[in-house]
Amino acid sequence: MKKIVYYVAVSIDGFICGLGADVSGFISGGNGIEKYLSELKKFKTTIMGRNTYEFGYAFGLKPGQPAYSHMDHYIFSKSLDLENKHKKVHVIKVYETETVRELKKTSKTDIYLCGSGIFAGWLLEHKLIDILKVKLNPLLLGDGIRLFGNSTQNYQLNLIHSQLYDNGLVFCTYGINYQ
């Protein structure tokens with residue numbers, strides 16, 4: 001069974017974006033971002049919520065098109081309707097843990113959980129995220145979308161690896177101890 005990897009940029013105070021989906025303060029270049037982009041090439045499947053998918057529109061993504069051309073996209077949304085969907089874009093209307101478990105069984109690679117604070121919180125509550133990879137940015141946002149949305153789950157994490165990059169960016173990889 002493949003793993004779900006929540007690979008996400010986060011501020012030191014735990015937000016994946018600021019108010020109004022502001023990401024302008026996050027580090028956008030340098031050797032850490034190059035590593036991140038290189039690692040994304042290893043994934044063949046991505047899952048995300050509607051807000052994350054639509055966030056891409058501001059950066060040129062066209063509705064129905066894949067954000068990552070080499071990945072199959074599974075967008076979990078009760079309300080998203082896409083015309084002219086690309087064959088790599090699938091909208092999942094019903095949040096069911098069995099759907100996610102089936103993806104973990106059938107995916108060719110580990111699964112990239114893209115953005116999705118609210119969706120990530122739902123996955124965490126159902127113990128479906130296996131690896132947390134944070135790109136810790138030297139930034140305080142004060143408000144915005146939290147790393148796990150409104151989830152209040154309490155779990156211990158096991159540090160697997162950490163590395164400091166230029167501009168103060170720190171990558172930390174954790175396993176989640178669901179016991």
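This short talk describes the sheet, the helices packed on it, and some side chains of one protein structure.

Good morning. Please keep in mind that this is a predicted model.

I begin with the sheet. Strands of a sheet pair through backbone hydrogen bonds, either parallel or antiparallel. In this structure, 8 strands make up an open sheet with mixed pairing, and their order is β5-β4-β3-β6-β1-β7-β10-β9. At the edges stand β5, residues 89-92, and β9, residues 156-164, each of which pairs on one side only. From one strand to the next, the twist averages 25°.

Let us turn to strand β1. Are its residues buried or exposed? This strand is mostly covered, with 8 of its 8 residues buried. Ile4, Tyr6, Val8 and Val10 point one way from β1, whereas Val5, Tyr7, Ala9 and Ser11 point the other way. The strand runs parallel to β6, to which 3 bridges join it; in that pairing, Ile4 has Ile111 as its bridge partner. Strand β1 also runs parallel to β7, and here 7 bridges join the two. Within this second pairing, Val10 stands opposite Leu136.

Strand β7, residues 131-137, in turn pairs with β10, residues 170-177, in the antiparallel sense over 6 bridges. Val134 stands opposite Cys172 of β10. Two helices pack on the sheet. Helix α1, residues 31-40, touches β1, β6, β7 and β10, and its direction makes about 45° with that of β10. Helix α4, residues 117-125, touches β1, β3, β4, β6 and β10, and its direction makes about 105° with that of β3.

Why does Thr173 count as buried? The reason is its relative accessibility of 13%, because buried means under 20% relative accessible area. Beyond its neighbours up to four places away in sequence, Thr173 touches Ile131, Leu132, Lys133, Asn158, Leu159, Ile160 and His161.

Next, the cysteines. How many disulfides does a search of the whole structure find? The search finds 0. For Cys114, the nearest cysteine sulfur is that of Cys17, 12 Å away. Cys114 is itself buried, with a relative accessible area of 9%. For Cys172, the nearest cysteine sulfur is that of Cys114, 19 Å away. Cys172 also counts as buried, at 10% relative accessibility.

I close with the aromatic rings. A pair of aromatic rings is described by the distance of the centres and the angle of the planes. The structure holds 14 aromatic pairs. In one of them, the rings of Tyr7 and Tyr36 have centres 5.0 Å apart and planes at 80°, so this pair is edge-to-face. It links distant parts of the chain, since Tyr7 belongs to strand β1 and Tyr36 to helix α1, 29 residues apart. Both Tyr7 and Tyr36 are buried. A second pair is formed by Phe76 and Phe119, whose ring centres are 4.7 Å apart; their planes are at 25°, so the pair is stacked. Here strand β4, with Phe76, is linked to helix α4, with Phe119, across 43 residues. Phe76 and Phe119 are buried as well.

Ring pairs also join Tyr7 and Tyr36 with Tyr165 and Phe171 into a cluster. Finally, two lysines lie over ring faces. Lys135 lies over the face of Tyr36, at 3.3 Å from the ring centre, and Lys78 lies over the face of Tyr95, at 5.5 Å from the ring centre. Thank you for your attention.

How values were computed
Residues numbered from 1 in each chain as written. Predicted model: local features only at pLDDT ≥ 70, side-chain atom pairs only at ≥ 80, totals over all residues. Heavy atoms only, no water. Pairing = 2+ DSSP bridges. Helix = DSSP H or I, 4+ residues; strand = E, 2+ residues; numbered from the N terminus. Axes fitted to C-alpha atoms, helices over the stretch in contact; angles between N-to-C directions. Contact = heavy atoms within 4.5 Å. Buried < 20%, exposed > 50% of the residue type's maximum accessible area, 1.4 Å probe, protein only. Disulfide = S-S within 2.5 Å. Phe/Tyr/Trp six-rings, centres within 6.5 Å; stacked < 30°, edge-to-face > 60°. Lys NZ or Arg CZ within 6 Å of the ring centre and 35° of its normal.
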